[in-house]
Amino acid sequence: EIKSLEAQINPHFLYNTLDAINWVAVEHEEFQISKMLIHLAAILRYSIQRCNETVMIQEELEYLKKYIYLQQQRFCDSFQYSIHIDEALNCYRIHKLLIQPLIENAIIHGFPGSTGQDEIEIVIQKQEDTYIQIQVKDNGKGMSQELAEQFNNYDYRKDRIETSIGVRNVITRLKLYYGDNSYFHMASGEQGTTATIVIPYEI
């Protein structure tokens, strides 16, 4: 019980500190910094609250927009993004933070330098009658076929991959959450990389 109470203090302290820094930024008319702090605070709340629970896809996308905004600021708007979703899927549920590591992987590993043409596309659509397909596509430099196959054949219970902790995390949680009802595939080539997740409907 003591550990639980102590764990509540740390996030509370972070939120208050970020809020204090935000007001300093506003007082100095640093409105871009203020917006970044507001987005960061929202991301922290979303990440910490309701761990291991499902959220509506619409909620997950709102979180992703804030995350991508911060990354765009970090990399001086060196990439653009788009989201395409079957509107009927917005109210379906998904486990939190399954998409963000794939976006981060594309940004960090897919785009070696600012070309002014870097793009990420997020596509969410129905597959058959009982599944949702989520794809994160980029037009970056791609990855080796060997690494892509390591991801496609990854078994979290026995395999070790020394890179891309976020992608491994996604694959592991897919199996823990959905078991054999989930699917992950990484395809990569000269035209970029596409990471595909397939999960069952949850309402």
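Helices, as the term is used here, are DSSP runs of type H or I with at least four residues, numbered from the N terminus. In the predicted model, helix 4 spans residues 100-110 and contributes five residues to the lining of the largest pocket, the largest share of that lining.

Besides helix 4, strand 5 (131-138) and strand 7 (192-200) each supply at least two residues of the lining. In terms of residue class, eight of the lining residues are nonpolar, seven are polar and one is charged.

Helix 4 also packs against helix 6, which is formed by residues 165-178; the two axes come within 8 Å and cross at roughly 155 degrees. Because angles over 145 degrees count as roughly antiparallel, helix 4 is roughly antiparallel to helix 6. The crossing of these two helices is left-handed. On the side of helix 4, the contact is made by Pro 101, Leu 102 and Asn 105, and on the side of helix 6 by Gly 166, Val 167, Val 170 and Arg 173. The residues of this contact divide into four nonpolar, two polar and one charged.

Conventions:
Residues numbered from 1 in each chain as written. Predicted model: local features only at pLDDT ≥ 70, side-chain atom pairs only at ≥ 80, totals over all residues. Heavy atoms only, no water. Nonpolar A, V, L, I, M, F, W, Y, C, P; charged D, E, K, R; others polar. Axes fitted to C-alpha atoms, helices over the stretch in contact; angles between N-to-C directions. Parallel < 35°, antiparallel > 145°, perpendicular 65-115°, else oblique. Left-handed = near helix turned anticlockwise from the far one by under 90°. Contact = heavy atoms within 4.5 Å.
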